[in-house]
Every structure is written in structure tokens, then in C-alpha cells.
Amino acid sequence: MIEINDLRLSFGSNEVLKGIDLSIEKGQVTVIIGPSGSGKTTLLRCINLLEIPTEGTLRIGDSALSFREGNKPGRGDILAFRRKTGMVFQSYNLFPHMTALQNVMEAQVIVQKKSRAEAKARSLELLGKVGLAAKADSYPHQLSGGQQQRVGIARAMGIGPELLLFDEPTSALDPELVGEVLKVIKELAVEGMTMAIVTHEMKFASQVADRIVFMDEGIIMEQGSSNEVLNHPAQERTRQFLSLLS
Ligand code: ADP
């Protein structure tokens with residue numbers, strides 16, 4: 001369903017992604033792990049076209065784009081791609097002046113052109129799904145970090161994405177709030193949502209991942225089932241990385 005070929009991105013002379021090849025099947029959960037600075041966030045941002053790759057191709061469902069240095073895709077193409085993916089950010093990125101409900105409704109009204117009534121009904125349903133029906137009228141500052149992140153997940157789901165992207169969704173949270181967010185993500189996995197998740201939560205990764213991708217210095221060093229990568233890594237770099245975590 002998602003096909004990434006020879007994807008490259010440079011910031012000036014710094015090549016951050018050095019030729020990424022990755023396929024994600026519909027309904028699969030892919031967890032991306034690797035040391036800080038290896039390009040994990042940048043890869044997610046490329047899939048969502050928050051960064052425009054320098055080279056390579058990206059296909060999501062029936063839409064494909066090829067990238068070439070100095071030749072950016074048009075705004076229409078970018079928007080069409082963004083509608084296929086929902087992104088959940090490390091720092092939630094909720095609008096502070098909007099309630100939880102308004103945050104979840106916003107993209108549905110602006111991007112999807114839903115009527116306010118339709119967007120409200122769907123948003124209340126999604127807030128219920130993440131356990132926050134009672135907090136619809138609360139503002140972000142009135143919510144815990146875990147609750148804000150669950151609003152972030154409901155918001156990303158609102159546009160009906162084909163793919164959900166999570167960029168370290170629990171790393172800004174106090175430890176006691178991590179579980180409630182991971183539980184929501186696990187429920188989405190059980191429902192068959194296609195997801196790519198960058199995380200340092202290895203126990204969670206082993207529970208939820210159909211595939212684990214280990215990135216190092218802008219390349220995919222190794223990928224496979226969680227048992228293969230976490231318990232029987234083929235590469236020395238993967239072994240080193242995992243040993244530093246335990
Ligand atoms: P990870 O998510 O694995 O920690 P990142 O994707 O955040 O890694 O970063 C990979 C590299 O890209 C780092 O060296 C980082 O400094 C660089 N980088 C990320 N975003 C930018 C940017 N907007 N401008 C310049 N360099 C960037």
C-alpha cells in the first residue's frame with residue numbers, strides 16, 4: 001500500500017536520508033527504531049510531505065510522486081498526499097485556543113470541507129473512542145499530556161487517513177501517562193489501521209509491530225519481524241543499539 005523507493009533528503013550538504021526503500025502493507029504496523037539523529041523523524045515527515053525529498057519515489061495507495069532535486073511537486077499534489085496520512089506529533093501540537101472538540105473538527109472542516117455538523121458528530125465519536133468524550137469542551141491547558149496526545153490521535157484519525165504516522169508519541173509524557181496513549185494505539189492496530197510509529201518504547205514495539213525497521217545514519221540497516229530484529233538482530237549496529245537500551 002505504501003511504497004518508498006530510493007528516497008533521499010539533504011539539508012544543505014548534509015544528506016540525512018541516503019536512499020530509503022520501504023514497503024508497508026495495508027493493515028500493518030511498522031515500528032521505526034534507531035539512534036537519535038538517524039533520520040527517523042525526517043522519514044515520517046517525508047511520507048507526510050512536511051519535508052520534500054530531494055530524490056526518490058513515494059506511493060501511497062493509488063497516488064505516486066517522483067522527486068528530483070530542484071523540482072518540487074505542485075501544491076495540489078502535496079495536499080492530495082497529505083489527505084492520505086494523519087500525523088501524531090511528539091509535542092501534540094494542539095491549537096491552544098481551541099477546545100478538544102474544535103481541535104479534532106478543524107482539519108475535517110478546512111481540509112475535507114465537511115459540514116460543521118458532520119465534523120462535530122465524527123469528532124465526538126473519535127473523542128469517545130480515545131476515552132475523552134467527557135473532555136470535548138476542555139482546552140489543551142486543562143488536559144494532561146496523555147489526554148492531549150489522545151486528542152492528537154483523534155485529530156489525526158478525523159480526516160480518515162489511509163496511514164497514521166506517529167513521531168515518538170509518548171516521549172514528552174510523564175511515565176505514568178505513557179500507558180494510556182499506547183493503549184489507544186494498540187486498539188487502532190487491532191482494528192487494522194495502517195501505521196508507522198517512531199518510538200523508543202521497545203516493549204510496546206514488540207507487542208504492536210508487524211515489522212521493525214532499524215535506521216542508522218540515514219539508511220535502513222535492518223528490518224524484519226519484531227522477533228527477528230529485537231531478539232535475533234543480524235547486524236552488529238542493531239545489537240549495539242539494543243544493548244544500550246537494556
Ligand atoms: P531522528 O528522528 O532519528 O532522531 P531526525 O530525522 O530528527 O533524526 O534528524 C536526522 C538528521 O537531520 C539530524 O542530523 C538532524 O540534525 C538533521 N535535521 C533534521 N531536520 C533538519 C532541518 N530542518 N534542517 C537541518 N537539519 C535537519
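At what angle do α3 and α5 pack, and how far apart are their axes?

Analyst: A word on the source: this is a predicted model.

Start with your pair. α3 and α5 pack at an angle of about 25°, and their axes are 8 Å apart. Angles under 35 degrees count as roughly parallel, so α3 is roughly parallel to α5. Where they pass, the crossing is right-handed. From α3, the contact takes in Ala100, Asn103, Val104, Ala107 and Gln108. They meet Val151, Ala154, Arg155 and Gly158 of α5. By class, this contact has five nonpolar, three polar and one charged residues.

Now bring in α4. Helix α3 spans residues 100-110, and helix α4 spans residues 116-129. These two pack at about 130°, with 9 Å between their axes. α3 and α4 are therefore oblique to each other. Their crossing is right-handed. On the α3 side, the residues are Ala100, Leu101, Val104, Met105, Gln108 and Val109. On the α4 side, they are Arg116, Ala119, Lys120, Arg122, Ser123, Leu124, Leu126 and Leu127. This contact divides into nine nonpolar, two polar and three charged residues.

One pair is left. Helix α5 covers residues 145-158. α4 packs on α5 at an angle of about 135°, and the axes lie 9 Å apart. That angle makes α4 and α5 oblique, therefore, to each other. They too cross in a right-handed way. Arg122, Ser123, Leu126, Leu127 and Lys129 of α4 meet Ala154, Met157 and Gly158 of α5. The classes here are four nonpolar, two polar and two charged.

For context, look at the wider chain. The UniProt record, an unreviewed entry, places the feature "domain: ABC transporter" at residues 2-242. That span is 38% helix and 26% strand. Its end C-alpha atoms lie 27 Å apart.

There is also a ligand. Around it are Phe11, Val16, Gly34, Ser36, Gly37, Ser38, Gly39, Lys40, Thr41 and Thr42. Helix α1, residues 40-47, gives the most to this shell, with three residues. The shell has two nonpolar, seven polar and one charged residues.

Methods: Residues numbered from 1 in each chain as written. Predicted model: local features only at pLDDT ≥ 70, side-chain atom pairs only at ≥ 80, totals over all residues. Near = placed C-beta within 6 Å. Helix = DSSP H or I, 4+ residues; strand = E, 2+ residues; numbered from the N terminus. Nonpolar A, V, L, I, M, F, W, Y, C, P; charged D, E, K, R; others polar. UniProt positions renumbered as here; feature names shortened; annotations may be inferred. Axes fitted to C-alpha atoms, helices over the stretch in contact; angles between N-to-C directions. Parallel < 35°, antiparallel > 145°, perpendicular 65-115°, else oblique. Left-handed = near helix turned anticlockwise from the far one by under 90°. Contact = placed C-beta atoms within 7 Å.
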